[in-house]
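Please read them alongside the coordinates.

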Amino acid sequence: MKNRILSISLAVLMAASISSCGNTANNTEVSAETNATSEASISSAEGSDAEASDVSAASSESADSKRLSIVVTNFPEYDFAHQIVQDNADVIMLLKPGAESHTYDPTPEDIITIQNSDMFVYVGGDSDEWVDDVLSSMDQSNMNIFRLMDAVETVPEELVEGMEENEEEESGEEGESEEVELDEHVWTSPVNAMTIVRKMSETIETLDPANKDAYEKNASDYISELSDLDKEFQDVVSSAKRKEIIVGDRFPFRYFCDEYGLSYYAAFPGCSTDTQASAKTIAFLIDKVKNDEIPVVFHIELSNEEMCSSIAEATGAKSELLNAVHNVSDEDFKNGVTYVNLMKHNVEVLKEALN
Ligand SMILES: [Zn+2]
């Protein structure tokens, strides 16, 4: 798998250096909402003939050529970068809205897009493991790489009582399966999100000093929104009857729960690739819900919700979405939904679940 990606990326880079064009239409459709940004990319892609650039680029050709291009792998990164730059730079999300983030694989076009970016943002965990191979095949001398897991303190995925153990020890990779798996979902804590936005903004400001003031202001506005969100969570938890949540699904909320002092039970640690829980795991969670009189069981976004529904049916608890903000639906993306919007939903469902 790694070799395959590496050979694809090398082939693609050779092709890229021959055609030396901009972002491809494939990615630009994702960034279409960022106003004028996509037209600039489309006009510079494929052939770059004069007709293509007439309409969109004519008025701001020189400005467009200097626009900062930021390529990100998932939605939280997209939202943070987009909040900082707004209309002053292009932000391109490689993951398609609505797509599963853990099984994403870059296309050859994606690799060209990364190569041509001014700044590349990725998580640095299990789900974008492919990045290391892709980056190692590129000339990184002019690349600015921002890794979310370097921006904040990380903790290992935690196996709590009742969880399914990850069954990834497929024989062959001796030693590797023993490695501690760091939890990649650093963004699920709004406090981490504040740190990430601040550091991301500092990097963007150095790359595009002409717009420094705008970036600083946008970042500080968004950080204050995040700070209000953080206070809302603190208030909900401090006045709550219980400090325990049950997630009948994968569990990407370690940083979130640590931040607010919540204990938790869930079916799988982190975002395990397993999706079928054993009868024993489900039985354990059902008992927990009954014994601790938990009113709401959570599932995560873009989940089949099966396990959560079974637990809810067996216990009479409600099934609700606790959003880990890996990605958003196509519709939400088009409507400009933000991390803060999605987290506000969590504030409301958490009120129910903890009382
Ligand atoms: Zn995940």
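1. In the contact between H10 and H11, Pro190, Val191, Ala193, Met194, Val197, Arg198, Ser201, Ile204 and Glu205 of H10 meet Lys212, Tyr215, Glu216, Ala219, Tyr222, Ile223, Leu226, Ser227, Leu229, Asp230 and Phe233 of H11. Contact here means C-beta atoms, placed from the backbone, within 7 Å. By class, the residues of this contact are 13 nonpolar, two polar and five charged. Nonpolar covers Ala, Val, Leu, Ile, Met, Phe, Trp, Tyr, Cys and Pro; charged covers Asp, Glu, Lys and Arg; the others, Gly among them, are polar.

2. This is a predicted model, in which local features need pLDDT of at least 70 and side-chain atom pairs count only at pLDDT 80 or more, while totals for chains, interfaces and linings use all residues. Residues are numbered from 1 along each chain as its sequence is written. Helices (H or I, at least four residues) and strands (E, at least two) are DSSP runs numbered from the N terminus.

3. H10 (residues 190-207) and H11 (residues 212-238) pack at about 175°, with axes 9 Å apart. Axes are lines fitted to C-alpha atoms, for helices over the stretch in contact, and angles run from 0 to 180 degrees between N-to-C directions. The two helices are therefore roughly antiparallel (over 145 degrees; under 35 is roughly parallel, 65 to 115 roughly perpendicular, the rest oblique).

4. H11 has 27 residues and spans 38 Å from its first C-alpha to its last, close to the expected 39 Å (1.5 Å times one less than the number of residues). Its buried residues include Asn218, Glu225 and Val236, buried meaning that 20 or more other C-beta atoms, placed from the backbone, lie within 10 Å of the residue's own. The buried residues of H11 pack against H6 (75-85), H10, H12 (254-260) and H16 (339-354).

5. H6 and H11 pack at about 130°, with axes 7 Å apart, which makes H6 oblique to H11. Gln83, Ile84 and Val85 of H6 and Tyr215, Asn218, Ala219 and Tyr222 of H11 make the contact. It has five nonpolar, two polar and no charged residues.

6. An open sheet of four strands has the order E6-E5-E7-E8 with parallel pairing (strands pair if DSSP finds at least two bridges between them). E6 (263-269) and E8 (318-321) are the edge strands. Four bridges join E7 (residues 296-299) to E8, and Val297 has Ser319 in E8 as its bridge partner. H16 lies across E5 (244-251), E7 and E8, at about 140° to E7.

Definitions and conventions: Contact = placed C-beta atoms within 7 Å. Buried ≥ 20, exposed ≤ 12 C-beta atoms within 10 Å, placed from the backbone.
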